[in-house]
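Biologist: Please take me through the strand pairing and the packing of this model, and set each term against its definition.

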Amino acid sequence: MSEPVVVGVLVGNPRPASRTLNAALALRAAVRQSLSERGRRVAEDGPLVDAAELAAEVFAPGGDRVRAALAELATADVLVVASPTYKATYTGLLKAVLDQAPGGWLTGTVAVPLLVAASDRHALAVELHLRPLLVELGAIVPGRGVFLNESVLGGDLDALAASLVEQLDGAGTSAALSALTSDAGSTEKVGVGQ
């Protein structure tokens, strides 16, 4: 019997406990539901890193918290990576955290990118900017990245998660996630410091 699929979350908003974090948690719930509906066993919890809590140490020499957070995130089979849209792309904080990851850090990990913005004009930024960053780190990114207009974040997060399940299904991402995680835990991953 295969191990349960572990779904992790990395949020690159410089504000702690942000709406982006809530959106990422809703997307994690949608990913878990999609996998469960396709017969995958899913772990009840997974690593959660709110980069805002690491911001003071991101540029500090010798800081271990960022490396520890990256090592924790590397245990995930599926990683939701979320950011608000700043200057038509992801935040500098997210980039600074991911710059500390070793090459190939996400090899064997399925990533689901998420960008949140105030305007639909930024909807393509998730495909043009965040997806390539995750692929550069070795991630498999099935289907389209997820874009959310921040106007949908004021309501019920369970309803948002349900609409995200529909979005994942419609983009073919749910089926791809299920196929890609069929052997969860069996792919060798690159750890921090290797």
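Modeller: Three bridges join E1 and E2, which pair in the parallel sense. This is a predicted model, in which local features need pLDDT of at least 70, side-chain atom pairs count only at pLDDT 80 or more, and totals for chains, interfaces and linings use all residues. Residues are numbered from 1 along each chain as its sequence is written, and side-chain values use heavy atoms, with hydrogens and water left out.

Biologist: What makes E1 and E2 a pair?

Modeller: Two strands pair if DSSP finds at least two bridges between them, and E1 and E2 have three bridges. The strands themselves are DSSP runs (E, at least two residues; helices are H or I, at least four), numbered from the N terminus.

Biologist: Why is E2 called an edge strand?

Modeller: The open sheet has five strands in the order E2-E1-E3-E4-E5, with parallel pairing. Strands E2 (48-50) and E5 (146-149) each pair on one side only.

Biologist: How do you know that E3 pairs with both E1 and E4?

Modeller: Five bridges join E1 (residues 7-11) to E3, and seven join E3 to E4 (residues 110-117). Gly8 stands opposite Leu79 in E3, while Ser83 stands opposite Leu115 in E4. From E3 the chain crosses through helix H3 (residues 92-98) to E4 in a right-handed β-α-β crossover; with the strands pointing away from the viewer, the path from the first strand over the helix to the second runs clockwise.

Biologist: Why is E3 described as largely enclosed?

Modeller: Buried means under 20% relative accessible area (exposed is over 50%, partly exposed in between; 1.4 Å probe, protein chains only). Seven of the seven residues of E3 (residues 78-84) are buried, so the strand is largely enclosed by the rest of the structure. Val78, Val80, Ala82 and Pro84 point one way, and Leu79, Val81 and Ser83 the other.

Biologist: What makes a set of residues a nonpolar core?

Modeller: The set holds buried Ala, Val, Leu, Ile, Met, Phe, Trp, Tyr and Cys residues joined through side-chain atoms within 4.5 Å. In the largest such core, of 31 residues, Trp105, Leu130 and Leu134 touch the most other members. Helix H2 (65-73), E3, H3, E4 and helix H4 (125-136) each give two or more residues to this core. Apart from it lies another core of 29 residues, among them Val31, Leu35, Val146 and Leu164.
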